[in-house]
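Subject: A structure to look through

Dear colleague,

I am passing on a structure for you to read alongside the notes below. Please open it first, and then follow the notes with the sequence at hand.

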Amino acid sequence: MIRRHSVLAALAIATVFLAGGTHTALAADKVCQLAIAGSDAMLFDKKELDVAADCTQVELTLTHSGKLPAAAMGHNWVLVKTADVTTVANAGMSAGLANNYLTPNDPRVIASTKTIGGGQSASVTFPTSKLTKGGDYTFMCTFPGHYVIMKGIFKFG
Ligand SMILES: [Cu+2]
């Protein structure tokens with residue numbers, strides 16, 4: 001009788017796992033939040049962002065602390081491998097504000113927010129499964145000309 005009960009219990013657990021799907025059933029997401037601001041002086045307020053190794057999702061919020069409109073002093077937040085900074089920024093320059101100064105569906109872009117103006121904010125959430133622990137990543141603003149100054153180191157793990 002005892003043995004029969006444990007078999008039933010094992011079946012019940014297996015059913016829960018199957019019904020819930022591997023992602024939701026196996027582990028709860030750990031969403032880690034980051035915040036950064038861009039200013040009318042064409043600067044980010046942080047030069048480095050760090051994400052702990054146990055974060056499964058990153059939720060980044062970009063705020064524009066200035067007053068200038070997006071067409072004049074727009075900022076976005078774009079995460080790429082450091083080796084892709086110049087290529088992605090140059091390609092984005094010609095894409096225009098309507099495309100947030102990024103080539104649409106650029107596979108080199110790991111995560112990005114829309115381009116915002118003074119007083120606005122924008123967020124992006126992305127899984128850390130897109131990142132390699134200890135990898136060499138850079139965040140930047142791809143508004144034309146900004147990435148030269150508006151960039152920083154992004155560390156995961
Ligand atoms: Cu900018």
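This is a predicted model: local features need pLDDT of at least 70, side-chain atom pairs count only at pLDDT 80 or more; totals for chains, interfaces and linings use all residues.

Tyrosine 147 sits in the loop between strand 7 and strand 8. Is tyrosine 147 buried or exposed? A residue is called buried if 20 or more other C-beta atoms lie within 10 Å of its own, and tyrosine 147 counts as buried because it has 23 C-beta neighbours inside 10 Å. Methionine 42 is 105 residues apart from tyrosine 147 along the chain, yet their C-alpha atoms are separated by 9.5 Å.

Strand 7 (residues 137–140) and strand 8 run antiparallel and are joined by four bridges, and one of the residues involved is threonine 138, whose bridge partner in strand 8 is isoleucine 153. Strand 8 (residues 151–156) also pairs with strand 2 (residues 48–51), this time in the parallel sense and over four bridges; here leucine 49 has phenylalanine 154 as its bridge partner, while valine 51 has phenylalanine 156.

These strands are part of an open sheet of five strands in the order 2-8-7-4-5, with mixed pairing. Its edge strands are strand 2 and strand 5 (111–112), each of which pairs on one side only.

Methods. Residues are numbered from 1 along each chain as its sequence is written. Two strands pair if DSSP finds at least two bridges between them. Helices (H or I, at least four residues) and strands (E, at least two) are DSSP runs, numbered from the N terminus. A residue is buried if 20 or more other C-beta atoms lie within 10 Å of its own, exposed if 12 or fewer, and partly exposed in between; C-beta atoms are placed from the backbone.
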